[in-house]
Amino acid sequence: MKFDCSERMRRYLIIVIWFVVVIITIECACGGGSQTPPPPPKSPVPTPTVLRTLYRVVVTGTDRTTTIGPNERSSYPMEAQVYYVPDQGASDRTTLNRVVNSDGSDHADTVTTLSGYSQDMELGFPWSTNSIPGVAQLTESFNSTIRDYALLAPSESLAGYVPQPLPAYGYPRFGNAAEVLLSTTAGGVTVQSNAVAGGSTWRWFWNGTQFLNHGDYGREIQGAFYFGTSQLNPDEAGDFMTMRTLDQSLKHGSPVLRFENQGNTQYTRAIPLNWDPRQYGGDQDHPVIWDSLVLGKDLALNYQNLGPVAQYTTHLVLPSATTRSRTLQVICSPASIVFGRTMRGLRS
Amino acid sequence: MPNGCLAGPNDFGGYAFFVDFGGIIMSDASGANAMGIYGVSASRGGSVSNLDMWKFDCWGDGPSETASDNTAWSAAYGNGTDVLFPAGESTYNVYLITDTLQNVTARMDDLFQMGAR
């Protein structure tokens, strides 16, 4: 089994934190005149939300069907990851059901009823309104020629299918696209950020060389935050269940709030997923989102007309102040900065 | 710098350090292609508590952009108890530079002279 560098980095940070504390203690002891401050108050940690991934599979060749969990997505051809919706019901949520017609030839999705169809399974609990930042209206579509209903992500269009939006909202995903890129160039540098992975910085070109690694969603250039321990770890790009060998429709990228260029500056914001969803009962079909946090960047190329110098500003939004935390910017480069050559030395 | 993959079970081969003004430069052997990160310590008005770097030359699967092998950096703010992260929005700056090794060094000097934070 291959080892994820990001997991190692996070484990290593525990050692780094210990090291920092030791250094500060020594400095205080040598200073002689400083007073020990009172311990900081314990800070409230917001509660993340467990989500379900809605997938679209194809049953019997033409019946595009929404599903959840591992059984059907493993049994039928997987076509797309379409939305994240909450795993549990609440007063501001509705119930999304899958229904099936009488001869079993078509499945559809509804929050009410559909004439000629009966209940098949409960899919999840999308929000009833768009009051949650980052959500989009679920788009059920109907193909009258083949009489097939299908749930489509906002970025998708399928020939012959006419949208029939549902009164339900979830975080939009990107079908089976691995990349939805936003590119900007200035000062001899071109950067590309990827909306599928929380808008994180995906590629960085200078003089024909691409510098960044995106082997999973713990790499790239991105921000991360820690609520005191490595388990409470919102990540800008997504979670660790994103290794390159995994089907793209199974990967968990963080939903995007903002994704745009203005002049030489690229602005991206994400609602971060927890790096390890298992810490909150999640798994490959259940990402866990910190829906009261935002992580993102302003990336200003050609900073102060210095050419290939960029100012990288991490933006963090927290619902309440905290001291038992740290944030960091992670950059993963390929092992060799120049493709096709062997790295013989690393200078620092 | 030690290879993190060759280190022991509780040693990941990383390297962490503190500077008031400075950063990390990674380069190929010729110095023709380099990438640097520059930051200023929190005590000097910047956003960096410490810089960290790792080398994971573990699998030998080449230098492609999706390879498992990689090198990594981080610029961290806060160590768990020492700073207040406010409610609402806050921002943290570093500077990224790609050029020859010589020019990345020169641009870091420029940033220092300019008082970039």
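Me: What length does helix 1 of chain B reach from its first C-alpha to its last, and what is expected at 1.5 Å a residue?

Reply: In this predicted model, helix 1 of chain B covers residues 101-114, and its 14 residues reach 20 Å from the first C-alpha to the last, which is close to the 20 Å expected at 1.5 Å a residue. The helix is followed by B:Gly115, whose phi is positive, near 75 degrees.

Me: Which residues of helix 1 of chain B are buried, and why do they line one face of the helix?

Reply: The buried residues are B:Val104, B:Arg107, B:Met108 and B:Leu111. Seen down the axis of helix 1 of chain B, these buried residues fall within an arc of 105 degrees, so they line one face of the helix. The face turned away from that buried side carries B:Gln102, B:Asp109 and B:Gln113, which are exposed.

Me: What do the buried residues of helix 1 of chain B pack against?

Reply: Their partners come from both chains: strand 21 (309-318) of chain A, together with strand 2 (21-27), strand 3 (34-40) and strand 6 (88-99) of chain B.

Me: How is chain A divided, and into which domains?

Reply: Chain A, whose secondary structure comes to 2 helices and 22 strands, is divided into domain 1 (49-175) and domain 2 (181-331). The centres of these two domains, taken over C-alpha atoms, are separated by 28 Å, and 19 residues of domain 1 are in contact with 16 residues of domain 2. On the side of domain 1 that touches domain 2, the elements giving two or more residues are strand 1 (49-59), strand 3 (78-86) and strand 9 (162-175) of chain A, with strand 1 giving the most, 6 residues. By class, that side of domain 1 has 12 nonpolar, 5 polar and 2 charged residues.

Me: Which residues have the most contacts inside the largest nonpolar core?

Reply: As a general idea, nonpolar side chains in soluble globular proteins tend to be buried together. Here the largest nonpolar core has 94 residues, and those with the most contacts inside it are A:Leu54, A:Val82, A:Tyr83, A:Ala310, B:Val94 and B:Tyr95. This core draws at least three residues from each of domain 1 and domain 2 of chain A.

Me: Two residues of chain A call for a look at the backbone. What is the phi of A:Glu220, and is A:Glu220 buried or exposed?

Reply: Phi of A:Glu220 is near 60 degrees, a positive value in a residue other than glycine. A:Glu220 is found in the loop between strand 13 (209-210) and strand 14 (221-226) of chain A, and since 20 or more other C-beta atoms within 10 Å make a residue buried, the 27 around A:Glu220 place it in that class.

Me: Where is A:Asn305, and is A:Asn305 buried or exposed?

Reply: A:Asn305 lies in the loop between strand 20 (294-300) and strand 21 of chain A, and its phi is likewise positive, near 60 degrees. A:Asn305 is exposed, however, with 8 other C-beta atoms within 10 Å.

Note on methods. Residues numbered from 1 in each chain as written. Chains lettered and ligands numbered in written order. Predicted model: local features only at pLDDT ≥ 70, side-chain atom pairs only at ≥ 80, totals over all residues. Domains from an automatic or database assignment. Contact = placed C-beta atoms within 7 Å. Helix = DSSP H or I, 4+ residues; strand = E, 2+ residues; numbered from the N terminus. Nonpolar A, V, L, I, M, F, W, Y, C, P; charged D, E, K, R; others polar. Expected span 1.5 Å × (residues − 1). Buried ≥ 20, exposed ≤ 12 C-beta atoms within 10 Å, placed from the backbone. Arc of directions from axis to C-beta. Core = buried A, V, L, I, M, F, W, Y, C linked by C-beta atoms within 7 Å.
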